Amino acid sequence: MTDVRRRDGDGTGGLRDGSATFEDLRERAVALRREGLSRRQIRDRLKVHNNNLLNRLLDGEPPPDWTKRPNAKDDLRAAAREMRSRGMTYDEIQLELGCSKSSISLWVRDLPKPERAPRTPVEASAAAQKSREAMLHRRNFERWQTKLSAAYEIGNLSRRELFLIGVGLYWAEGAKDKPYDRREKVVFVNSDPGMVSTFLAWLDLLGVTAGQRRYSLNIHESADIGRAEHFWLEHTGAAPDQFGKTALKKHNPRTTRRNTGDNYYGCLAIRVNDSADLYRRVEGWWYGIVVAAERTA
């Protein structure tokens, strides 16, 4: 047998279609393929390590079934079709299989729509209630999904970013000096634990020591006062002697209050001692932010 080889760099490993060697290799490769061997097994058996040549040797020969990767959704599709054939709705199939309605629709769209038996008023009311609950559950999930996604967008804050946030936070929620009522001192009052945490982090950034801070609680007399005081002690990490006397708001039975329940802890006031100079700087920082914003716009 003549072995015709040419070093042409044409990707065939030096073998030409017309050579006896190529035909022999192809015959052997096809036979191995039909025996059920994979490409890797044929490559190792024939010592052919050129992918282009291997492709030509196996041209037109389908791979054996065992080398094909199974479709992970084949079982789900079969199950969905079987359930639909039994008259189950998309919602029921989704509840059972946990896949999307769009996938279910694609899998069973050629099957006839199941006929529904007439519902009694009680059944119709129960179905409507179940549908409303499912809708509320879905909306709550979407709501929290959006919030969590937005939270992750923030990432880490630089010192300057925290500084600017704190200035804006104070000017929105803190006590401010008036020409007719001089109040040049830093006082921040809020009921939101997150706002309080951010404000305290800002004070840390500015070098305001823990000893300069004083706290007091304003809360409705009908609330669990002891529980609220304990909550703010834990949340701020302050010592008990830094807290002043709690101010109680008288309960008015004619007023419908919504700030009640287990998450109601009243409003916490944070005061910084000897803070006239700091207050003036905060006011100046805020004016600087306003001017910079106007320039940017």
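**Pocket lining and selected residues**

Trainee: By class, how many nonpolar, polar and charged residues does the lining of the largest pocket have?
Mentor: In this predicted model, the lining of the largest pocket consists of 16 residues. Divided by class, these are four nonpolar, five polar and seven charged residues.

Trainee: Which helix gives the largest share of that lining?
Mentor: Two helices, α5 (90-97) and α7 (121-154), each supply at least two residues of the lining. The residues nearest the centre of the pocket are Asp 91, Glu 92, Lys 130, Ser 131 and Ala 134. The largest share of the lining amounts to seven residues, and these come from α7.

Trainee: What volume does the largest pocket have?
Mentor: Rolling a probe the size of a water molecule over the atoms shows where empty space is left. For the largest pocket, the computed volume is about 680 Å³.

Trainee: Is Gln 242 buried or exposed?
Mentor: Gln 242 is located in the loop between α10 (225-236) and β3 (247-249). A residue counts as buried under 20% relative accessible area. The relative accessibility of Gln 242 is 12%, so this residue is buried.

Trainee: Where is Arg 214, and which residue has its backbone oxygen 3.0 Å from a polar atom of the side chain of Arg 214?
Mentor: Arg 214 lies in strand β2 (residues 213-220). With a relative accessible area of 33%, Arg 214 is partly exposed. The backbone oxygen found 3.0 Å from a polar atom of its side chain belongs to Gly 211.

Trainee: What distance separates the C-alpha atoms of Arg 214 and Asn 273?
Mentor: Arg 214 and Asn 273 are 59 residues apart along the chain, and their C-alpha atoms are separated by 7.5 Å.

Trainee: With which residue does the side chain of Thr 246 form a polar contact of 2.6 Å?
Mentor: Thr 246 belongs to the loop between α10 and β3, and it counts as buried at 16% relative accessibility. Leaving aside neighbours within four places in sequence, Thr 246 is in contact with Leu 217, Ile 219, Ile 225 and Glu 229. Its C-alpha atom is separated by 7.6 Å from that of Ile 219, 27 residues apart along the chain. The side chain joined to that of Thr 246 by the 2.6 Å polar contact is the one of Glu 229.

Trainee: Which side chain makes a polar contact with the side chain of Arg 182?
Mentor: Arg 182 is placed in the loop between α8 (159-173) and β1 (187-190). The relative accessible area of Arg 182 is 60%, so this residue is exposed. The polar contact of its side chain, at 2.4 Å, is with the side chain of Asp 177.

Trainee: What is the phi of Lys 47?
Mentor: Most residues other than glycine have a negative phi. Lys 47 sits in the loop between α2 (39-46) and α3 (51-57), where it is exposed with a relative accessible area of 64%. Its phi is positive although the residue is not a glycine, with a value near 60°.

Trainee: What value does phi take in Asp 274?
Mentor: Asp 274 is part of the loop between β4 (267-272) and α11 (276-296). At 83% relative accessible area, Asp 274 is exposed. Though not a glycine, Asp 274 has a positive phi of about 50°.

Methods
Residues are numbered from 1 along each chain as its sequence is written. This is a predicted model: local features need pLDDT of at least 70, side-chain atom pairs count only at pLDDT 80 or more; totals for chains, interfaces and linings use all residues. Side-chain values use heavy atoms; hydrogens and water are left out. On a 1 Å grid over the protein atoms alone, a cavity is a set of points where a 1.4 Å probe fits but cannot get out, and a pocket is an open set with protein on both sides within 12 Å along at least five of seven lines; lining residues have an atom within 4 Å of a point. Grid points are joined across faces, edges and corners, and a volume is the space filled by probe spheres set on the points. Helices (H or I, at least four residues) and strands (E, at least two) are DSSP runs, numbered from the N terminus. Ala, Val, Leu, Ile, Met, Phe, Trp, Tyr, Cys and Pro count as nonpolar, Asp, Glu, Lys and Arg as charged, and the others, Gly among them, as polar. Buried means under 20% relative accessible area, exposed over 50%, partly exposed in between (1.4 Å probe, protein chains only). Contact means heavy atoms within 4.5 Å. A polar contact is a pair of N or O atoms within 3.5 Å; within protein, one must be able to donate a hydrogen and the other to accept it, and residues adjacent in sequence count only if both atoms are side-chain atoms.
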